[in-house]
Amino acid sequence: MRSGQRLGPSFGWLWGAYGTSALGTWLAFGAFPLIAVEVLHAGPAEVAALASVGSAVGAALAVPLGPWVEFRRKRQVLIATDLARCAALLTVPGAYALGVLTVLQLLLVSVVVAAADIVFRAASGAYLKTLLPPEHLLVANARFESTAWTTTIVGPPLGGVLIGLLGPVATVVADAVSHLLSALGIRATGGHEPPPVRPAGERLRAGDLLDGWRYILADAMLRPLFLNTALFNGLVMATQPLLAVLLLGRLGFAPWQYGLAFAVPALGGLLGSWLSRPLVIRFGQHQVLVVAGALRALWPVGLAFPGPGAGGLLLVMGVEFLLILCCGVFNPVHATYRLTRAPADRVARTLTAWSVTTKVATALLTAVWGLLGAVIGPRTAIALAGLILLATPLLLPRSASLPPAAETAPNRG
């Protein structure tokens with residue numbers, strides 16, 4: 001297969017929908033805290049609740065939807081969740097125009113969007129598995145990864161321009177429109193997707209809600225990968241607020257320097273996503289998964305040591321570039337490995353359980369590290385997280401056995 005291989009028009013529409021939605025999300029990056037502070041004059045506790053409580057509650061609401069999604073046509077679920085996000089987000093500029101916007105409404109919208117995000121990701125993974133044979137999944141996931149990093153680079157600066165020209169809710173409108181366009185793109189994928197088969201007379205039971213976790217924890221290959229990614233992602237994200245305090249507060253970096261410190265290294269994600277498939281071809285999926293997963297854990301501890309001035313800025317950019325480069329290689333391989341490992345009738349539940357756990361772990365670790373930062377200082381707390389991250393490679397899968405589901409093509413309808 002060539003890197004520029006065509007994956008068909010249906011995937012092209014799905015890829016375009018993903019890119020449009022991702023761009024909208026990054027255009028609106030930080031929009032809710034900005035609106036809360038500048039428009040509603042919210043305090044630190046209210047802003048923190050938007051970031052943590054909304055995500056955690058949304059994750060909890062998504063739990064019962066995993067089994068429900070499993071036995072629905074995934075394309076319809078994708079369109080419905082896109083439209084739900086669009087509708088929820090549009091209530092914000094509507095309330096702002098009427099002068100009735102509140103922090104509570106922002107919180108409720110963040111809950112709806114967080115729950116819809118998890119359901120969308122679960123359904124999109126299952127849908128991708130019906131669109132493409134297993135041998136094409138890595139190419140597809142690498143394209144999604146490169147698109148994600150591209151929108152990460154261009155989205156926030158463009159969002160800042162939009163806010164400057166059109167006001168504080170402009171990027172929320174753009175995000176809502178992006179989900180509408182995404183829904184139209186997914187609808188354009190066309191084709192006939194047969195309904196998943198559920199045994200006659202069988203209904204959703206309370207035990208089904210935990211089926212995704214049961215399957216992950218019972219699988220000798222998915223279990224360590226699950227624990228690794230939940231801990232790694234949670235600790236990396238938990239240190240971001242502390243790093244902002246360190247760089248913007250104690251070291252006196254200007255906001256543009258802070259933005260530059262994270263925008264430029266995102267180029268590493270593009271490079272990593274382009275390298276992922278050639279590396280897998282040369283060294284094998286398992287080897288790349290383990291090596292890239294181990295290498296990404298080496299760098300975060302370096303974020304505890306920047307000093308003031310250009311030297312500190314370059315240190316942060318270098319550390320972030322290496323971290324994101326390794327993540328850019330790891331993420332598409334990880335996503336492909338997880339998809340091929342999960343049986344077709346458990347993909348949605350598996351991905352839902354995975355996303356819910358990651359979001360909850362991130363929220364909890366962010367709260368814990370916020371307290372640690374207040375007690376021992378942000379630099380020491382960042383260093384502690386970095387030292388713990390050095391142990392996370394021990395949780396990566398050690399066996400090189402092939403995923404069982406990779407040997408059979410999924411039902412392509």
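Helices here are DSSP runs of H or I with at least four residues, and strands are runs of E with at least two, numbered from the N terminus. By that count, the protein has 17 helices and zero strands. Please keep in mind as you read that this is a predicted model. Here is a short tour, from the whole chain down to single side chains.

**The protein as a whole**

- Of the 413 residues in the protein, 52% count as buried.
- Take the contacts between residues at least 6 apart in sequence: 87% of them join residues at least 24 apart.
- The protein exposes about 18300 Å², and carbon and sulfur atoms supply 70% of that area.

**Aromatic pairs**

- A pair of aromatic rings is described by two values, the distance of the centres and the angle of the planes.
- Searching the whole structure turns up four aromatic pairs.
- One of them is formed by Phe11 and Phe144, with 5.5 Å centre to centre and 50° between the planes, which makes the pair tilted.
- Phe11 belongs to helix 1 (residues 9–27) and Phe144 to helix 7 (residues 137–166), so this pair ties together parts that are 133 residues apart in sequence.
- Both partners are buried: Phe11 has a relative accessibility of 2%, and Phe144 has one of 12%.
- Phe226 and Trp354 make an edge-to-face pair, because their ring centres are 5.2 Å apart and their planes stand at 75°, where an angle over 60 degrees counts as edge-to-face.
- Phe226 sits in helix 10 (residues 222–238) and Trp354 in helix 16 (residues 347–376), so the pair ties together parts that are 128 residues apart in sequence.
- These two residues are buried as well, with a relative accessibility of 5% for Phe226 and a relative accessible area of 3% for Trp354.
- Ring pairs also link Phe11 and Phe144 with Trp15 and Tyr18 into a cluster.

**Charges over rings**

- Arg296 has its charged end over the ring of Phe330, at 3.9 Å from the ring centre.
- Arg85 lies over the face of Phe120, 4.5 Å from the centre of that ring.

- The buried residues Ala31, Phe32, Ile35 and Ala36 are found in helix 2 (residues 31–38).
- Around the axis they cover an arc of only 130°, so they lie on the same side of helix 2.
- An α-helix has 3.6 residues a turn, so residues three or four places apart point the same way.
- Ser110 has its place in helix 6 (residues 103–131).
- With a relative accessibility of 12%, Ser110 counts as buried, because the cut-off for buried is under 20%.
- Once neighbours within four places in sequence are set aside, Ser110 is in contact with Phe32, Leu50 and Gly54.

**Helix 14**

- In helix 14 (residues 285–295), the buried residues are His286, Val288, Leu289, Ala292 and Gly293.
- They share the same side of helix 14, because the arc they cover around the axis is only 165°.
- Their cover includes helix 10, helix 13 (267–283) and helix 15 (309–341).
- Helix 10, part of that cover, is also the helix that holds Phe226 of the edge-to-face pair.

Definitions and conventions:
Residues are numbered from 1 along each chain as its sequence is written. This is a predicted model: local features need pLDDT of at least 70, side-chain atom pairs count only at pLDDT 80 or more; totals for chains, interfaces and linings use all residues. Side-chain values use heavy atoms; hydrogens and water are left out. Rings of Phe, Tyr and Trp (its six-membered ring) pair if their centres lie within 6.5 Å; planes under 30 degrees apart count as stacked, over 60 as edge-to-face and the rest as tilted. Buried means under 20% relative accessible area, exposed over 50%, partly exposed in between (1.4 Å probe, protein chains only). A charge sits over a ring if NZ of Lys or CZ of Arg is within 6 Å of the ring centre and within 35 degrees of the ring normal. Contact means heavy atoms within 4.5 Å. The arc is that of the directions from the helix axis to the C-beta atoms. Accessible areas come from the Shrake-Rupley method with a 1.4 Å probe; for residues, only the protein chains shown count as cover.
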